[in-house]
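The sequence and the structure come first.

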2 protein chains.
Amino acid sequence: MSDQPITPVPAHEPPYYVAVFTSLRTPDASGYDETATRLGELVQEIPGYLGEDSARTPGGLAVTVAYFRDLAGIEQWRRHAEHRAAKERGRRQWYDRYSVHIARVEQSHSFRRTGTP
Amino acid sequence: MSDQPITPVPAHEPPYYVAVFTSLRTPDASGYDETATRLGELVQEIPGYLGEDSARTPGGLAVTVAYFRDLAGIEQWRRHAEHRAAKERGRRQWYDRYSVHIARVEQSHSFRRTGTP
């Protein structure tokens, strides 16, 4: 959920799952950052959570990809009470529109420049 | 590939495919923008291409999700000569590291605020 300069989540051995969440926000950001930080902590407690890549354009399009070892982890996160409450509030307050795509990774690879630490 | 304020690609009827590309760039950006623009045009010629969501953090992490109706479209894009040449140049020049995750969408939904045009 942050805009920190982090490294991409590496490719894992398929199969695993991605949850792609793309969104445009409303102008009402009150409470958003606190909730995003809290959810970012909670999701790390989900068994099989593998990490997240997230970025936002200056125009406000946010693209977040969360990686999970299996669908059970995604389902557990989807049913998580605080996550559900946050999504409810998000639809009421923070999001103008969003899309969610849950997908099973069939192929993956990573590249790292030689000599990169 | 651009940072324009665009709307998220909507959920389609599963199954369809996502190609998630996350990357960190090197300081050498010469030729990058021209190539990205050209590839952004070419990919639209791929049958079953459904669109793309893309954003980059201030720290340089880029997250791009391209959507395709089927794996054949992804394979055709992967084999495309100009795309292959660009990837080759990318590994030589533009990318410090990247990950690619090809995944089959099993569930999806979109939200749009009531009254949003």
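**Salt bridges**

The side chains of A:Asp96 and A:Arg97 form a salt bridge, with an N to O distance of 3.1 Å; the term requires a side-chain nitrogen of Lys or Arg within 4 Å of a carboxyl oxygen of Asp or Glu. The model is predicted: local features need pLDDT of at least 70 and side-chain atom pairs count only at pLDDT 80 or more, while totals for chains, interfaces and linings use all residues. Residues are numbered from 1 along each chain as its sequence is written, chains are lettered from A in the order in which they are written, and side-chain values use heavy atoms, leaving out hydrogens and water.

- A:Asp96 and A:Arg97 are both buried (buried means under 20% relative accessible area, exposed over 50%, partly exposed in between; 1.4 Å probe, protein chains only).
- Over all chains, a search of the whole structure finds eight salt bridges.
- One of them joins A:Arg78 to A:Glu75 at 3.3 Å, N to O; these residues are three apart in helix α2 (residues 71-79) of chain A, about one helical turn.
- A:Arg78 is partly exposed at 28% relative accessibility, as is A:Glu75 at 23%.
- In chain B, the side chains of B:Glu75 and B:Arg78 meet in a salt bridge at 3.3 Å, N to O, and both residues lie in helix α2.

**Strand pairing**

- Helices (H or I, at least four residues) and strands (E, at least two) are DSSP runs, numbered from the N terminus.
- β1(A) and β4(A) run antiparallel and are joined by ten bridges (strands pair if DSSP finds at least two bridges between them).
- A:Val20 has A:His101 of β4(A) as its bridge partner.
- Between the chains, 15 bridges join the antiparallel strands β4(A) and β4(B); here A:His101 is partnered by B:Ser108.

**Nonpolar core**

- The largest nonpolar core has 24 residues, and A:Val18, A:Val65, B:Val18 and B:Val65 have the most contacts inside it (a core is a set of buried Ala, Val, Leu, Ile, Met, Phe, Trp, Tyr and Cys residues joined through side-chain atoms within 4.5 Å).
- Strands β1, β3 and β4 of chain A and of chain B each give two or more residues to this core.
- A:Val65 touches residues of both chains, including A:Val18, B:Val63 and B:Val65 (contact means heavy atoms within 4.5 Å).

**Helix α3 of chain B**

- In α3(B), the buried residues are B:His83, B:Ala86, B:Gly90, B:Gln93 and B:Trp94.
- Seen down the axis, the buried residues of α3(B) fall within an arc of 110 degrees, so they line one face of the helix (the arc is that of the directions from the helix axis to the C-beta atoms).
- B:Ala81, B:Arg84 and B:Arg92 are exposed on the other side of α3(B).

Technical notes:
Lists of a residue's contacts leave out its neighbours within four places in sequence.
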